[in-house]
Amino acid sequence: MNKYKVLILTDHEKHSKENSLYELATGLLVNSRVEHVDIASRAVESNNDFFNYLIPKDLFATRITESFNFDYDHHPLDIDYTKVQLLEYDFIWLRLPPPLSLEFLEFLHATFSKQIVINNPKSIYIAGAKDFLLNFSELCPPMKLCRSVEDILSFKEKFSIVLKPLREYGGKGIVKIENDIVFEGQVQKSLDQFIESYNANPIDYLGVQ
């Protein structure tokens, strides 16, 4: 019976003990078809070349055991890692938080072109943009892809709306428009002021009721 070697790519810098990675990884490890599971973190300084310079340089990973767990003071991904060969793995599992640029996702796709990648890089980019929700409009509140002032004005005439930048995350860049009052975070401004700043730096939004 073939046994598989698995590499998980993550970033544990903001992990907590509630993060599901730890139970999922150890659960995977005890599967009889798995030889070993390694985890490489973007938060490990030795991995800067791989994660930041987009070149297939050395990658350093931790080989986990069944006791692998989150530890605030002595995290195993900070302490116990060694250089690994990128092509030795059968499966790559992407557990990286956003944002992930198209350039980096294309790099991952090219680097692991011969392996099975769980959470396919190209699919992450497509599904990671908020306008992907337009494919499921029947399940969502009224939405509109807003690429111009005209789009925004026509949509806000129907509802009080929220504008969400397509590729931001964690609530960044969200704009709420109620009648002619605009809220950007804690800042309130007039609609005319918002339009002026938007024209100076236009971006695409997903408008939501």
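The legends below describe close-up views of a predicted model. In this model local features need pLDDT of at least 70 and side-chain atom pairs count only at pLDDT 80 or more, while totals for chains, interfaces and linings use all residues. Residues are numbered from 1 along each chain as its sequence is written, and side-chain values use heavy atoms, with hydrogens and water left out.

**View 1. The aromatic pair of F60 and Y81.** Rings of Phe, Tyr and Trp (its six-membered ring) count as a pair if their centres lie within 6.5 Å, and planes under 30 degrees apart are called stacked, those over 60 edge-to-face and the rest tilted. The count by this rule is 14 aromatic pairs. The ring centres of F60 and Y81 are 6.2 Å apart and their planes stand at 80°, so this pair is edge-to-face. Because F60 lies in strand 3 (residues 59-63) and Y81 in the loop between helix 3 (76-79) and strand 4 (82-84), the pair ties together parts that are 21 residues apart in sequence; helices (H or I, at least four residues) and strands (E, at least two) are DSSP runs, numbered from the N terminus.

**View 2. The buried residues of helix 6.** In helix 6 (residues 149-156), V149, I152, F155 and K156 are buried, where buried means under 20% relative accessible area, exposed over 50% and partly exposed in between (1.4 Å probe, protein chains only). Seen down the axis of helix 6, the buried residues fall within an arc of 140°, so they line one face of the helix; the arc is that of the directions from the helix axis to the C-beta atoms.

**View 3. The salt bridge of D11 and R42.** A salt bridge is a side-chain nitrogen of Lys or Arg within 4 Å of a carboxyl oxygen of Asp or Glu, and the structure holds eight of them. The side chains of D11 and R42 meet in one, at 2.8 Å from N to O. D11 counts as buried at 11% relative accessibility, whereas R42, at 22%, counts as partly exposed.

**View 4. The salt bridge of R147 and D204.** The side chains of R147 and D204 meet at 3.5 Å, N to O. R147 lies in the loop between strand 7 and helix 6 and D204 in the loop between helix 7 and strand 12, so this pair ties together parts that are 57 residues apart in sequence. R147 is exposed, with a relative accessible area of 53%, while D204 is partly exposed at 31%.
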